[in-house]
Amino acid sequence: MRFEERQILLKNGALCTLRPTTSEYAQEMIDYMRQTAAETPFLLRNPDEVRFTLEKERELLDYIYGDEHSVMMLALVDGKVAGNSSINGMGEKRRVWHRCSLAIALTKEYWGLGIGTAMIGYLAELAKQIGYEQMELEVVDGNDRAKALYEKCGFVETGRHINAMKYDDGTYRDEILMYKSLRE
Ligand SMILES: CC(C)(COP(=O)(O)OP(=O)(O)OC[C@H]1O[C@@H](n2cnc3c(N)ncnc32)[C@H](O)[C@@H]1OP(=O)(O)O)[C@@H](O)C(=O)NCCC(=O)NCCS
């Protein structure tokens, strides 16, 4: 959906712009997905599994921009993609219309500067505007920075998917389920 651009001041004094992820950023988004997949083991995709074509990525970004129930938010620093985040509904059925899921990833260079905190704060405002009553997410066990960020933003742990991730070396990790109410 469309939303207002917002400027935030980072812990290192740089300015960061939060804005909709529009299709003009399709190539940067593909590059960003490959980079983040290589920089952390805590995302779903391996780097070789980022297979979006430019055309498909453009289509997807145009669709999300026009969808009143989804948000895709880009973080830019000096015109460079520092990260992306999103909220999506849980499906068509009325009984889940009140729930949305949140996803976020930044490139490593921009970790720890406050971008995650600002993005989740803004996404929570937009989610309330849309009419969602709660946000949900999964975080891989061991991703302490992400878990700390979510707890700081008001998420609480509600359960686990045991062995949800299986890595190429044969090891497993659980996913921790988290929830934040938007009702207050
Ligand atoms: C997880 C991620 C989104 C966090 O965003 P960020 O901009 O780095 O987070 P912020 O700087 O806003 O805040 C992180 C908080 O966690 C704290 N923190 C950082 N590392 C920590 C650690 N190892 N253990 C506990 N707390 C930690 C910080 O102190 C900070 O809190 P503070 O601002 O009160 O000091 C980002 O690091 C990232 O994209 N990581 C890789 C992809 C990923 O894991 N995505 C989440 C998938 S569920």
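This report walks through the strands, helices, ligand shell and a few single residues of a predicted model.

## Ground rules

Because the model is predicted, local features need pLDDT of at least 70 and side-chain atom pairs count only at pLDDT 80 or more, while totals for chains, interfaces and linings use all residues. Residue numbers start from 1 along each chain, following the sequence as written.

Two strands are said to pair if DSSP finds at least two bridges between them.

## The hairpin at S1 and S2

Let's start with S1 and S2. Strand S1 covers residues 6–9 and strand S2 covers residues 15–20; they pair in the antiparallel sense over four bridges. Ile8 sits opposite Cys16 in S2. Five residues lie between the two strands of this hairpin, and Gly13 takes a positive phi near 90°.

Strand S4 (residues 80–89) pairs with S5 in the antiparallel sense, over seven bridges.

S5, H3 and S6 together make a right-handed β-α-β unit. Right-handed has a set meaning here: with the strands pointing away from the viewer, the path from the first strand over the helix to the second runs clockwise.

H3 has 16 residues, and at 1.5 Å a residue they should span 22 Å; the end C-alpha atoms are 22 Å apart, so the two agree. (The expected span is 1.5 Å times one less than the number of residues.)

Which residues of H3 are buried? They are Ile115, Gly116, Met119, Ile120, Leu123 and Ala127. These residues cover an arc of only 115° around the axis, which puts them on the same side of H3. That arc is taken from the directions running from the helix axis to the C-beta atoms. The face turned away from the buried side carries the exposed residues Glu125 and Gln129. For the labels, buried is 20 or more other C-beta atoms within 10 Å of the residue's own, exposed is 12 or fewer, and partly exposed is in between, with C-beta atoms placed from the backbone.

## Around the ligand

The ligand has 23 residues around it, and Leu106, Gly116, Thr117, Ala146 and Ala148 come nearest. A residue is near a molecule or strand if its C-beta atom, placed from the backbone, lies within 6 Å of it.

Three elements each supply at least two residues of this shell: strand S5 (99–106), helix H3 (115–130) and helix H4 (144–152). H4 gives the largest share, six residues. Sorted by class, the shell has 12 nonpolar, eight polar and three charged residues. In this sorting, Ala, Val, Leu, Ile, Met, Phe, Trp, Tyr, Cys and Pro count as nonpolar, Asp, Glu, Lys and Arg as charged, and the others, Gly among them, as polar.

## Strands S6, S7 and S8

S6 also runs antiparallel to strand S8 (residues 172–181), joined by seven bridges. Gln134 turns up again here, with Ser181 in S8 as its bridge partner. Strand S7 (residues 156–166) is joined to S8 by seven bridges, also antiparallel, and Gly159 stands opposite Leu177 in S8. S7 and S8 form a hairpin with five residues between them, where Gly170 in the turn has a positive phi of about 90°.

Asn163 lies in strand S7. Its phi is near 50°, a positive value in a residue other than glycine. Asn163 is exposed, with 11 other C-beta atoms within 10 Å.

Look for Asp78 in the loop between strand S3 (71–77) and S4. Asp78 counts as exposed because it has 9 C-beta neighbours inside 10 Å.

Val81 lies in strand S4 and counts as buried, because it has 20 C-beta neighbours inside 10 Å. Val81 and Thr21 are 60 residues apart in sequence, yet 10 Å apart in space, C-alpha to C-alpha.

Tyr32 lies in helix H1 (residues 26–39). Tyr32 is buried, with 22 other C-beta atoms within 10 Å.
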